[in-house]
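Student: Hi! Could you walk me through this one?
Tutor: Happy to; here it comes.
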Amino acid sequence: MSERPTTTTDAGIPAPSDAHSQSVGPNGPLLLQDHYLIQKMAHFNRERVPERVVHAKGGGAYGVLEITEDVSQFTRAKLFQKGARTESLVRFSSVAGELGSADAGRDPRGFAIKFYTEEGNYDLVGNNTPVFFIRDPQKFSDFIHSQKRRADNHLRDNNMQWDFWTLSPESAHQVSWLMTDRGTPASWRHMNGYGSHTFLWYNAAGEKFWVKYHFKTDQGIKNFTAEEADAQDPDVHIRDLYTAIQRGDHPSWTVQVQIMPFEDAADYRFNPFDLTKVWPHGDYPLITIGKWTLNRNPENYFAEIEQAAFEPANFVPGIGPSPDKMLQGRLFSYPDAHRYRIGANYLQLPVNRPHSPVHTYNKDGAMAYHNSGDPVYAPNSVGGPQADPELWKGEGYEVAGEIVRSAYRLHSEDDDFVQPRALWEKVLGETDRDHMVHNILLHANAPEVTADMKKRVAEYWRNVQKDLGDRVAQGLGVNGS
Ligand code: NDP
Ligand code: HEM
């Protein structure tokens, strides 16, 4: 008898043949009763779920978060208590390309982490940049449309991208990042991750703080130049992460936070909830709290990475949302996407299921296999689960005001250009600046970018910093305009 297992149908019935369909004689027509053949063809037709509408191309791994410092004065969250070790999953991705697109293209990179904590899943769905292109979710789908493909020729179009960016000056900080070599990281192991938004932390006494997360790569920052990025294998980043973990070279990140006392937010020099702004380190220094290490590859990419579902709304006691409008929009958007992309019970899949018990009154739906059983309603007098308001003490705060549609209230030093200007003037060295100008010119000199748009591009960069704008204008041939 062979040592190889017998092929079965998906119902576990031994399969009669791996090669031959059931036919009427060797040359005859096939039979509908060949259930095994029908199952193979029908299942194959259903192998794809819709790709993510953004961040479609990515890869991931498992790891562990270890907290080395005591931050219990800021948060009661169990995963952040000194000595805690929490299993986690990460998915890295690029934003605009489709499922088969090239890993190394110029784009922000997704940095989405799911922490399987003893109090349920905590998802931190960030990027490799601390800021974003827009500050109101109303503009998100328009922004993404401008980055993806035109309606008529189905091509990506740099003119469309600059049209959106130059009409949305709040994008200048993120576009500056994107046009440095950090827009083309050499690998996912060699980039930082940022929670980007401001979040709420509260401690066991109910005291509140605002927090930003920084995951600093222990491998060092390493980027491709534009030319190097163009020359890469399309799967360079997936391959790099998988093979590094496979050979035991486990990448790690130092986990840091910035903490702002709750009351500071009202008159801090920048609006602290505006996602196009950082908190300068001089104002709120980085505090190291632990280390996060990736140590295990997935065994089944589709089951564990393609079906992974991250949701910025998954907070655990001790952590909550801030009034950042982008974050508020995302709280709705992701679970809505998962119900459509994967199905109502996506949280019951092994990769998404919490490692702590689930006691919920939600029930049934497609593919349900993990319902809690009776009782199926609350309140009940038969011993069903009960909520614990004590766990959330501290999450609430006073909010009042007229209902409006309005930009954020400006704080004393708020404008769209002051922080990208600081990046150019204080952070970038000469080589970084040369590369940034080169990268902008490669992008804005694409054949579809019109002469009028080039003038707007030069003006956009002059608003960031005059020398930068002049260099761009010269390279685009719109000098003196
Ligand atoms: P700091 O001098 O304290 O910090 C500058 C930061 O810039 C460092 O964290 C560094 O990150 C990062 N950096 C270095 N080189 C580059 C690069 N080529 N592209 C992008 N980032 C780079 O300054 P401030 O905190 O006062 O911020 C000044 C500007 O720096 C900001 O306007 C922002 O553009 C940028 N920045 C600020 C961050 C923040 O959270 N405050 C975070 C990242 C950037 P690293 O240590 O990883 O090299
Ligand atoms: C993926 C919406 C802003 C990071 C997604 C997806 C949607 C979405 C619908 C696909 C989810 C899926 O199908 O699994 C939005 C909206 C935003 C927004 C509406 C603003 C209003 C941001 C910001 C960040 C971010 C600011 C980072 C700071 C990510 C990441 C993924 C993602 C990392 C991929 C998650 C994964 O790997 O599965 N976004 N997004 N997004 N988004 Fe956003």
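Tutor: Helices here are DSSP runs (H or I, at least four residues), strands are runs of E of at least two, and both are numbered from the N terminus. This is a predicted model, where local features need pLDDT of at least 70, side-chain atom pairs count only at pLDDT 80 or more, and totals for chains, interfaces and linings use all residues. Residues are numbered from 1 along each chain as its sequence is written, and chains are lettered from A and ligands numbered from 1 in the order in which they are written.

Student: Which helix gives the largest share of the shell around ligand 1?
Tutor: Helix α9 (residues 418-427), with 5 residues. A residue counts as near if its C-beta atom, placed from the backbone, lies within 6 Å of the molecule. V278, P280, H281, Q419 and L423 come nearest among the 19 residues.

Student: New topic: is D181 buried or exposed?
Tutor: D181 is buried because 23 other C-beta atoms lie within 10 Å. The cut-offs are 20 or more for buried, 12 or fewer for exposed and partly exposed in between, with C-beta atoms placed from the backbone. D181 sits in the loop between α4 (172-179) and β5 (193-194).

Student: And where is H154?
Tutor: In the loop between α2 (140-147) and α3 (158-167). H154 has a positive phi of about 60 degrees, though it is not a glycine. Most residues other than glycine have a negative phi.

Student: What kind of peptide bond joins D374 and P375?
Tutor: A cis one, with omega about -5 degrees. P375 lies in the loop between α8 (325-341) and α9.
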